[in-house]
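Hi,

Here is the structure I promised to pass on. Have a look at it first, and then read on for what turned up.

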Amino acid sequence: MTDAERTTTPLVDEATKKAAVAWVAVPGGPALALWCFPLEGALLVVSGPGEQSAPGLADATHAQVTLRGDHGGRIVTWPADVSRVAPGSEDWETVAPLVAAKRLNAPGPTADLVARWAADGCALNRLTPAGEPVAGAALPADSLAEVPREAPVVRATRKPFRLHRVRRR
């Protein structure tokens, strides 16, 4: 690929190649840390029943993707075009087995996982860089940390268990 044909920057290309987790934000939603698989300059993300939760991504056409560098810090944020890979399509037959083979802790063989994704209505989305990335000094200086969202897995904190009675003076 020559520089004239390049649609992304070398930083985006390199960060995308090394990505295992990306922070993806759809319009109107918070950024979510999602497992991803890099393939041919794009990131592939699976979401749905039995997989990671990515509200709004299956129906989105655009998203913001933030990637980290080797030392864990944010290095680039880029706008992405989101396209869904449809089960049964030629693209699905090529891409889905590659993504399934790289999924950690997958229950069963790759072919069974791909079949489950198709049957359960899981979304396999391709996030392709589209637009000017934000990197270096243009990145926000603050952490962009947010208050933790409510989740059904959060439990109330109990008082610590004590074996003996503590005397007060």
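Let me start with helix 3 (residues 110–120), whose buried residues are Leu113, Val114 and Trp117. Buried here means under 20% relative accessible area, exposed over 50% and partly exposed in between, with a 1.4 Å probe and protein chains only. These three sit on the same side of helix 3, because they cover an arc of only 100° around the axis; the arc is that of the directions from the helix axis to the C-beta atoms. An α-helix has 3.6 residues a turn, so residues three or four places apart point the same way. The face turned away from the buried side carries the exposed residues Ala111 and Ala119. Strand 4 and helix 2 (90–102) are among what covers the buried residues of helix 3. Just after helix 3, Gly121 takes a positive phi of about 80°.

Some housekeeping before the rest. This is a predicted model, in which local features need pLDDT of at least 70 and side-chain atom pairs count only at pLDDT 80 or more, while totals for chains, interfaces and linings use all residues. Residues are numbered from 1 along each chain as its sequence is written, and side-chain values use heavy atoms, with hydrogens and water left out.

Overall, the protein chain has 3 helices and 8 strands, in the order α-β-β-β-β-β-β-α-α-β-β from the N terminus. Helices (H or I, at least four residues) and strands (E, at least two) are DSSP runs, numbered from the N terminus. The radius of gyration of the protein chain is 20 Å, well over the 15 Å that the globule rule gives for 169 residues, so the chain is more spread out than a compact globule. That radius is taken over C-alpha atoms, and the rule is 2.2 Å times the number of residues to the power 0.38. Along the principal axes, the C-alpha atoms fill a box of roughly 80 × 45 × 30 Å. Buried residues make up 32% of the 169 residues.

Strand 1 (residues 21–25) has two antiparallel partners worth a look: 4 bridges join it to strand 2 (residues 32–35), and 3 bridges join it to strand 5 (residues 62–68). Strands pair if DSSP finds at least two bridges between them. Trp23 has Ala33 as its bridge partner in strand 2 and stands opposite Thr66 in strand 5. Between strands 1 and 2 the hairpin has 6 residues, and Gly28 takes a positive phi near 85° there.

Now the cores, each a set of buried Ala, Val, Leu, Ile, Met, Phe, Trp, Tyr and Cys residues joined through side-chain atoms within 4.5 Å. The largest has 22 residues, of which Val24, Leu43, Leu57, Val65, Leu67, Trp78 and Leu127 touch the most other members. Strand 6 (74–85) is one of the elements that give two or more residues to this core, and strand 6 gives the most, with 4 residues. A second, separate core of 15 residues includes Leu39, Leu44, Val99 and Ala100.

What about disulfides, and how many are there? A search of the whole structure finds 0, taking a disulfide as a pair of cysteine sulfur atoms within 2.5 Å. For Cys36, the nearest cysteine sulfur is that of Cys122, 17 Å away. Cys36 counts as buried at 2% relative accessibility, and Cys122 is buried too, at 3%.

Happy browsing!

Key: Contact means heavy atoms within 4.5 Å.
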